[in-house]
Amino acid sequence: MASRHKGIGRRTLLVTAAVATGALLTPVTARATPRMAADTGVVRALDKAAHPLRSTEPGGDTADLRALGAMVGDAKVVGLGEATHGSHEFFAMKERVFRYLVEEKGFTAFALELSWSAGLRIDDYLRTGEGGDARTVAKAALADSPWNREEFVHLIAWMRDYNLRHPGRTVHFLGDDIGAPTLDDAFFARITDYVGRTDPRALARLDGLYTGLRPIDDYLAYLDKPIAERRENAVRARQALELVQGLPVTDPRAAAWAEQNARSVARTAAFMTVDPHDEATLPSFERLRDEVMAQNITWWRQHTGQKVLLSAHDDHVGRAAGNPGLYPRTQGAFLNDTMGRDYLPIGSTFSQGSFLSKDTALGGPWKEFTVRPPAPETNEYTLDQVRYRDFYLDLRTAPAAAKSWLGVTRPTREYGTEYPEPPGNVALARSYDVLVHLHEVRAAEPARGAGSRSGVASLGVPGPASSWPSRPTAGRGA
């Protein structure tokens, strides 16, 4: 999410939450271009490196993912990007790849570019079944986000069913972001209840520090508060974190979680001191956001030992952003610094199709937009001439001609919460270790109301996404 954003809007700083900077960008209108020939030597080299992706739909045979498993190797965190925040194929592919990593590579956590508090709400449901069914929980936790879609209802339902079938090896969900938070009374109780049990005398002090900040149930309304008030709240939230950190530790695990939740409040409050009217401050806030996302992933790894599939927009999983002026350092760059080869970024591209976005990053309905095949100067144009309709390749081991081409910066489609917006400038091999290219995508399916009998999650035990119309993904020339 972000401003030119990948999180909740590529053009809005608060990833769903803060300031629309789209007016500062020059809209680019999609246009048809003649199918000019790409460099045949490059295409032949890419052909040699490409592995066909037979389907993006979860369920069914996964033989076509074995090469991907080899590329993942011993990585502990895999960042799987998306070129849009609103295409079915990207979202469905996330579930398909996650299932494979769970079943074949020992992964047990799915991380999403979502607030920490919302992630905990989903994880509570996965662990206990409390809160209704997958559709009800998804509606509450994902409301107003790009992921309030049938595809994520299906993912959550599958994860819950997996836990029922594997009580000794459960899967988990985390939100690693600080944008667009809902810090309700139940979330603050995760902190205050711990303090009350550990040192009741400190509880009154903590309640006083959180006054004015608790709860945040409408982040847009919170951003309308005077900036001086928001800055004072950020100071108080930091003091509350220090209070929790200073308590005597009798239960190390409970202390670690209480501290992490208090840290999430402090970081969120600091992030929400942004001045939406001062564009010069946006890069520093976006850098903070990406750093915090990486720190949340690292914390989860340290305290659970779980392998994590990290789902976010391409700019957040890659080592470099398509717009480095706004995103001076990405989550992927921070993770690369701390984890080295234990972090594997996978980028995604597509040639044409439809996705959901908005006319304006803040407010307004999600709409369907369609783009035609890309212009010859783009990365997607050459990628789409590889013999497979959909494919993936290891950028680290590509033939020399392909590797040279992959190292050059070119326009690349990256669509977030607001459309139209200009393409990013990406050198694929510098940002990612692996790339997935899809020939065509379609708009993700908006989530139906809780309790709907037509959604797979409402059926209790989800199977393959049979309610989603499929399309062939076999090779064009293979």
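This is a predicted model: local features need pLDDT of at least 70, side-chain atom pairs count only at pLDDT 80 or more; totals for chains, interfaces and linings use all residues.
Local features need pLDDT of at least 70, side-chain atom pairs count only at pLDDT 80 or more, and totals for chains, interfaces and linings use all residues. Residues are numbered from 1 along each chain as its sequence is written, and side-chain values use heavy atoms, leaving out hydrogens and water.

Start with helices α11 (residues 252-271) and α12 (residues 282-304). Their axes, lines fitted to C-alpha atoms over the stretch in contact, come within 11 Å and cross at roughly 170 degrees. The two helices are therefore roughly antiparallel (an angle over 145 degrees, on a scale from 0 to 180 between N-to-C directions). Contact means heavy atoms within 4.5 Å. From α11, the contact includes Trp 257, Arg 263 and Phe 271. From α12, Leu 288, Trp 299 and Trp 300 are among the residues. The contact residues divide into nine nonpolar, four polar and three charged.

Next comes Gln 306, in the loop between α12 and β7 (307-311). Is Gln 306 buried or exposed? Gln 306 counts as buried because its relative accessibility is 14%; the cut-off is under 20% relative accessible area, with a 1.4 Å probe and protein chains only. Its side chain makes a polar contact of 2.8 Å with that of Trp 300 (N or O atoms within 3.5 Å, one able to donate a hydrogen and the other to accept it). Gln 306 also touches His 172 and Thr 108, among others.

His 172 belongs to β6 (residues 172-177), where six of six residues are buried. His 172, Leu 174 and Asp 176 point one way, and Phe 173, Gly 175 and Asp 177 the other. Strand β5 (residues 107-115) pairs with β6 in the parallel sense over five bridges; pairing takes at least two DSSP bridges. Ser 115 stands opposite Asp 177.

Definitions and conventions:
Helices (H or I, at least four residues) and strands (E, at least two) are DSSP runs, numbered from the N terminus. Angles under 35 degrees count as roughly parallel, over 145 as roughly antiparallel, 65 to 115 as roughly perpendicular and the rest as oblique. Ala, Val, Leu, Ile, Met, Phe, Trp, Tyr, Cys and Pro count as nonpolar, Asp, Glu, Lys and Arg as charged, and the others, Gly among them, as polar. Buried means under 20% relative accessible area, exposed over 50%, partly exposed in between (1.4 Å probe, protein chains only). Lists of a residue's contacts leave out its neighbours within four places in sequence.
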